[in-house]
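The stops below are given in the order in which to select them.

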Amino acid sequence: MAERYEARPAADVEAVEVVLDAGAWELRGALGVPTGPTTLSDLLPAARAIADAVVGETSAAVEGLGACVSCGPGCGACCRMLVNVSEVEARRLRQVVHDLPEPRRGEILARFAAALRRLDAAGLMPALRRAGGLTPAQVDALTGAYFGLKIPCPFLEAESCSIYEERPVTCREYLVTSDPKHCAEGSAADVVRIQLPLKTFNALARWDVPPAEHFLERFVPLILALEWAEAHPHDPPARPGVELFREFIGLLKEQMGPPGGGPAPGATA
Ligand code: SF4
């Protein structure tokens, strides 16, 4: 199956071909990318479009096998989990909150502050602040403790995401076919997640990292995104957009192995 993107040819924009072959489906199209100096933030909409396309194609393949995605409006069961966002998304969230009219901005900021007070009282702040440097066992412990506090994401309203168009890629990539009650209960053994052939978040978290640090992932817990972005407001220096975008596509393809090497569409985890 082919996904069509709309190229926007212009003097300073080049149509870059994107081909992602997951075996069960193929994503093929072109995205208009600036040729001049471009930041990661400039290309975040393109990265999100690819994430949405991968999620859409995989969901369709899974549903074609008879399963049913149970996520939807009014179900925010997963929005009390520890959610990580890439650094470029943290900066974007800060901007989104900054652009909100009052009193809404104040309400959201108050929710962030209240959540941070609870996390501090629970002694989780030191681990949250070094989330990218934790061992797998420490991540499991932090994830469990965080979920145990049942702190709703500050953007969750009436069990729906109030920033749906701006939600992080991690949120876009979390889809289940199991009963929502298992997500709400945190019973991991009963949660059936759709396994994506590649995760855009993994590429976002490694994007524009110096080659010597390519094994590093750069991400921030969503609940710390605003304070992190306040301290780190600027993207890495701008680079030619096409070069930056092709690097991103390369990071996506690295996860897939040879063409058609993604997992079977019904695979879940
Ligand atoms: S950003 Fe939206 S989808 Fe993601 S955890 Fe928060 S409320 Fe849920």
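The tour goes through helix packing, then backbone details, then the ligand.

This is a predicted model, in which local features need pLDDT of at least 70, side-chain atom pairs count only at pLDDT 80 or more, and totals for chains, interfaces and linings use all residues. Residues are numbered from 1 along each chain as its sequence is written.

**Helix packing**

Two packed helices are described by the angle between their axes and the distance between the axes. Select helix H1 (residues 40–64) and helix H10 (residues 241–254), whose axes come within 11 Å and cross at roughly 40°. Helices (H or I, at least four residues) and strands (E, at least two) are DSSP runs, numbered from the N terminus. Axes are lines fitted to C-alpha atoms, for helices over the stretch in contact, and angles run from 0 to 180 degrees between N-to-C directions. H1 and H10 are therefore oblique to each other; angles under 35 degrees count as roughly parallel, over 145 as roughly antiparallel, 65 to 115 as roughly perpendicular and the rest as oblique.

Show Asp42, Leu43, Ala46 and Ala47 on H1, which meet Gly241, Leu244, Phe245 and Phe248 on H10 (contact means C-beta atoms, placed from the backbone, within 7 Å). These contact residues divide into 6 nonpolar, 1 polar and 1 charged. Here Ala, Val, Leu, Ile, Met, Phe, Trp, Tyr, Cys and Pro count as nonpolar, Asp, Glu, Lys and Arg as charged, and the others, Gly among them, as polar.

Leu40, Ser41 and Leu44 of H1 meet Val88, Arg91 and Arg92 of H2, a contact with 3 nonpolar, 1 polar and 2 charged residues.

**Backbone details**

Most residues other than glycine have a negative phi, and most peptide bonds are trans. Go to the loop between H2 and H3, where Pro103 is placed. The peptide bond joining Glu102 and Pro103 is cis, with omega about 10°. Just after H3, Gly123 takes a positive phi of about 75°. Then select Lys150, a residue other than glycine with a positive phi near 55°; Lys150 lies in the loop between helix H5 (136–149) and strand E5 (156–157).

**The ligand**

Which residues surround the ligand? Select Gly76, Cys79, Val83, Cys153, Phe155, Leu156, Cys161, Ile163, Arg167, Pro168 and Cys171 (near means a C-beta atom, placed from the backbone, within 6 Å). This shell has 9 nonpolar, 1 polar and 1 charged residues.

Methods
Contact = placed C-beta atoms within 7 Å.
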